[in-house]
Every structure is written in structure tokens, then in C-alpha cells.
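Subject: Handover of a structure and its findings

Dear colleague,

Please find below the structure that I am handing over to you.

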Amino acid sequence: MSVATADEVRRGGLQRMRVVALSLLVLAALVFVATIGRGGLWSYVNAAAGAAMVGGIADWFAVTALFRHPLGLPIPHTALVPTRKNMLARSLQQFFTENFLAEDVVRDRVADAGVARRLGAWLVDEAHSAWVVDEVGRAVSRGLARVRDEDVTALVEHELLPRLTDEPLSEVTGRLLAELVADGAHHGLVDLVLDEAHRWLTHNPDTFADVLAQRAPWWTPQWLDEQVTHRMHVEAIAWVDDIRTDPWHHARRALDSWLTDLATALQEDPETRERAERLKRRLLAEPQVLTAATALWAALRRAAMTALADPDSRLRARAVAGLGEFGEQLGRDEALQARVDGYAVDAAVYVVERYGDELTTVITETVRRWDGREAADRIELHVGRDLQFIRINGTLVGGVVGLLIHVLAELV
């Protein structure tokens with residue numbers, strides 16, 4: 001429903017309730033006039049009708065005085081909303097801040113909401129997980145599409161490379177290298193290199209022979225060159241295979257020892273650090289570094305956008321499956337639920353503490369932009385229908401009270 005349509009519905013409800021309240025008041029006035037001067041039971045009816053008139057008129061005055069001057073008369077303390085809208089807006093803002101955006105209120109409410117459990121149950125549905133992946137994918141794709149290659153090139157050239165050039169990295173690199181060697185984290189990379197070298201040597205004997213033949217003396221016989229290259233090829237395969245299969249091979253230990261010495265030198269030896277910094281500066285000064293960085297970014301962006309745009313891509317399927325599995329884990333793992341709920345509570349409290357004042361300022365700023373008449377009309381449109389019940393109740397209660405007073409007076 002649009003705002004205009006909703007306002008029309010509210011305006012219609014307000015007019016109907018006004019008619020009802022006014023009709024009761026008119027009915028009380030007619031009964032009062034018709035029973036003036038009559039005795040007997042009619043005196044009771046007249047007393048009730050008169051009191052109903054007084055109650056209806058008093059409550060009409062009270063309700064009307066909130067939004068305008070009754071009968072257009074500038075009576076003091078009437079038209080409260082138009083004349084004191086800014087004060088009312090500040091009071092409403094303070095009330096909202098103290099009662100809805102207080103830290104303890106937000107913390108208790110979010111904690112009781114069971115965010116993790118609900119999120120888990122929602123993500124288990126594949127349609128919901130797919131929707132999340134699609135929405136995030138579209139947002140990421142739009143963001144990537146807006147980033148131009150020239151912007152990335154400028155960022156790398158004017159921001160990243162100068163910072164890397166000026167920042168001394170030798171000591172940090174030494175500490176990182178020492179930790180990698182101590183943990184044996186480089187062994188996986190060494191194994192990968194050895195596997196690839198063994199595979200290449202096994203499947204490319206001719207290429208290996210051609211490379212060595214180019215370095216052979218011109219005066220050696222061809223049959224001798226072939227024998228030598230074949231023997232070297234066999235020995236190279238055997239040597240790589242020995243290193244590959246023996247985790248304690250002396251070549252591996254030599255590499256570990258060299259890396260350890262290099263890490264120590266990068267941290268403690270000024271000369272080694274200076275050489276490393278000079279090497280870093282020479283490498284970063286090469287134009288190919290900037291070209292390679294831009295090309296790498298472009299390739300990654302194309303691959304990501306292609307994968308995100310393909311509804312049948314493996315990336316999307318894995319993301320949807322991963323979200324579903326995460327939802328299932330949220331549903332059964334109470335410890336994970338507690339952590340996620342804690343994150344949700346902390347995030348909500350942070351938003352309230354950081355931006356609560358800005359959020360509630362919207363109330364005062366919006367009301368301040370209205371003129372007095374507009375503010376009164378808008379507020380009355382939302383609460384005026386319910387306020388008409390005050391007029392109705394005033395008329396009915398006034399009649400009952402008037403009748404009781406008349407009865408007591410007669411008894412006395």
C-alpha cells in the first residue's frame with residue numbers, strides 16, 4: 001500500500017469516527033432540549049442528556065485543542081502541536097532514545113531474539129541460501145564492474161608501490177620466514193615443486209636433451225652427447241625422486257638450514273638487510289611489476305564476474321552448499337549459537353552507541369521541517385481516529401455520571 005493510499009484510509013476512518021462522536025453529542029443535545037421542564041422519569045433523562053452534552057463538549061475541546069484553536073479562537077494552551085511541535089519532537093526523541101535505544105534494552109532484546117537459531121533455520125532452506133548468494137554476487141559484480149583498470153593501476157603505482165618501497169620489510173620478512181621454517185610450513189611447497197619437477201622430467205626427455213645439447217662442446221661426437229644427456233636425465237629423475245620420497249634427505253636439510261640462516265641474517269645482519277632492501281627496491285622499480293599487478297587484477301576480476309554471473313558455476317554451487325551447511329551447524333551447535341548471538345548483540349549495541357543519536361535525530365529534524373499546520377495534520381491523521389473515542393466516551397460517561405448525580409440529589 002502506498003503512502004498516499006494509506007493516508008486516504010486513515011482520513012476516511014478519522015472522518016467516520018468524527019461523525020459518530022458528533023452524532024452522539026447532537027443526540028444528547030436534542031434529548032436535553034426535548035426534555036426540558038418535564039418531571040418524573042423525564043427529569044432523569046434530562047439530567048443524563050445535559051451531563052452527556054457537557055462531557056462531549058469538554059472532550060471535544062480537549063481533543064481539538066491538541067491540533068488547532070477550537071472554533072478558531074486563540075485560547076491559551078490550545079493548538080499545542082502546531083505551537084510546540086519542536087518541543088514535542090525533542091521529547092519524543094528523548095523518549096525513544098531512553099526506552100528503545102538504551103544499551104540494556106537492546107542487549108536483552110537481541111539476546112532473547114535467538115538470532116543464531118532463526119538464521120540457521122532460515123539458511124537451511126536452499127532457496128534462502130541461493131537468494132543470499134545471488135544478492136551478494138550481484139552486489140560484488142556491480143562493485144567490480146565499477147572499478148576500472150586505470151584506477152587499479154593508479155592505486156598500485158602511486159600508493160602501494162611507493163609505500164612498499166619506503167617501508168623496510170627485511171626484518172618482518174625474516175621473522176615470518178623463521179616462523180614458517182620452524183613450523184615446517186614450507187614443506188608443502190617444496191613437495192609441490194619436487195612433484196612438478198619429477199613429472200616434467202619424466203614426460204619431457206627430449207626437451208631436457210635439447211637444452212643440454214645446446215651447451216655441449218661443438219667438437220664432441222653426437223653419440224657421446226646423447227649418452228651423456230641420457231645419463232644426466234636418468235640421474236636427474238632419480239635425484240629428484242630421492243628428495244621427493246625421503247623427508248630427511250640431506251638436500252631438504254640443507255634447504256632448511258639455508259632458510260634458517262637467511263631468516264636470522266634478515267633480522268640481525270645490517271648488511272643482509274640492506275642487500276634485501278636494495279633488491280626489493282630494484283624489483284619494485286621494474287615496469288613489469290606494475291603491468292603484472294594490473295593484469296593479475298584484471299584476470300581475477302574477469303574470473304570472479306564470470307563465476308558470479310553463471311547460475312550453474314561451481315563457485316555459486318559451493319557457496320550455496322556452504323551456507324546450507326553453516327545453517328545446519330547453527331541449528332545443532334549450541335556453542336556456535338552462543339557465539340553468533342554474542343556477535344549480534346555486540347553489533348547491535350555498537351550501532352546504538354555509535355549511531356543512536358543520529359538515528360533519533362531524524363525525528364526532530366523531520367518534525368522541524370514541517371510547519372505547524374502540517375505537523376498537526378500528520379499527527380492527527382495517525383492518532384485522531386483513536387482520539388475520537390475520547391469524545392464518545394466523554395459523552396457516554398458524562399451521561400451516566402449526570403444520571404447518578406441526579407439520582408443522588410433526588411434521594412437526598
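The model is predicted, so local features need pLDDT of at least 70 and side-chain atom pairs count only at pLDDT 80 or more, while totals for chains, interfaces and linings use all residues. Residues are numbered from 1 along each chain as its sequence is written, and side-chain values use heavy atoms, with hydrogens and water left out.

Helix packing

Two packed helices are described by the angle between their axes and the distance between the axes. Helices here are DSSP runs of H or I with at least four residues, numbered from the N terminus. Helix H2 (residues 41-67) packs with helix H18 (residues 372-411) at an angle of about 155 degrees, and their axes are 6 Å apart. This makes H2 roughly antiparallel to H18. Angles under 35 degrees count as roughly parallel, over 145 as roughly antiparallel, 65 to 115 as roughly perpendicular and the rest as oblique. The axes are lines fitted to C-alpha atoms, for helices over the stretch in contact, and angles run from 0 to 180 degrees between N-to-C directions. The crossing of H2 and H18 is right-handed; that is, the near helix is turned clockwise from the far one by less than a right angle.

Salt bridges

Side chains of opposite charge can pair when their charged atoms come close. A salt bridge is counted when a side-chain nitrogen of Lys or Arg is within 4 Å of a carboxyl oxygen of Asp or Glu. The structure holds 18 salt bridges. For the residues below, buried means under 20% relative accessible area, exposed over 50%, and partly exposed in between (1.4 Å probe, protein chains only).

In helix H9 (residues 170-183), Arg175 and Glu171 lie four residues apart, about one turn of the helix. Their side chains meet in a salt bridge, with 3.3 Å from N to O. Arg175 is partly exposed, as its relative accessible area is 39%, and Glu171 is partly exposed at 41%.

Helix H14 (residues 270-285) holds Glu274 and Arg278, which are four residues apart, about one turn of the helix. A salt bridge links their side chains at 3.7 Å, N to O. With a relative accessible area of 37%, Glu274 is partly exposed; Arg278 is partly exposed at 38%.

Are Lys280 and Glu277 buried or exposed? Both of these residues are buried. Lys280 and Glu277 also lie in helix H14, three residues apart, about one turn of the helix. The closest N and O atoms of their salt bridge are 2.7 Å apart.

A nonpolar patch

Which residues form a nonpolar patch on the surface? They are Leu92, Phe95, Phe96 and Phe100, with about 380 Å² of accessible area together. Patches are made of residues with over 30% relative accessible area and no salt bridge; like charges are joined within 9 Å, and nonpolar side chains (Val, Leu, Ile, Met, Phe, Trp, Tyr) within 5 Å. Accessible areas come from the Shrake-Rupley method with a 1.4 Å probe, and for residues only the protein chains shown count as cover. Phe96 is found in helix H4 (residues 85-100) and is partly exposed because its relative accessible area is 33%.

Distances along the chain and in space

Arg16 lies in helix H1 (residues 3-34) and counts as exposed at 55% relative accessibility. Arg16 and Gln388 are 372 residues apart in sequence and 9.6 Å apart in space, C-alpha to C-alpha. Asp386 is in helix H18 and is partly exposed, with a relative accessible area of 49%. The C-alpha atoms of Asp386 and Met17 are separated by 8.3 Å, and these residues are 369 residues apart along the chain.

Ala130 has its place in helix H7 (residues 126-146) and is buried, with a relative accessible area of 14%. Between Ala130 and Gly324 there are 9.1 Å in space, C-alpha to C-alpha, and they are 194 residues apart in sequence. Val340, in helix H17 (residues 334-369), counts as buried at 15% relative accessibility. Val340 and Gly37 are 303 residues apart in sequence and 77 Å apart in space, C-alpha to C-alpha.

Yours sincerely

Definitions and conventions. Helices (H or I, at least four residues) and strands (E, at least two) are DSSP runs, numbered from the N terminus.
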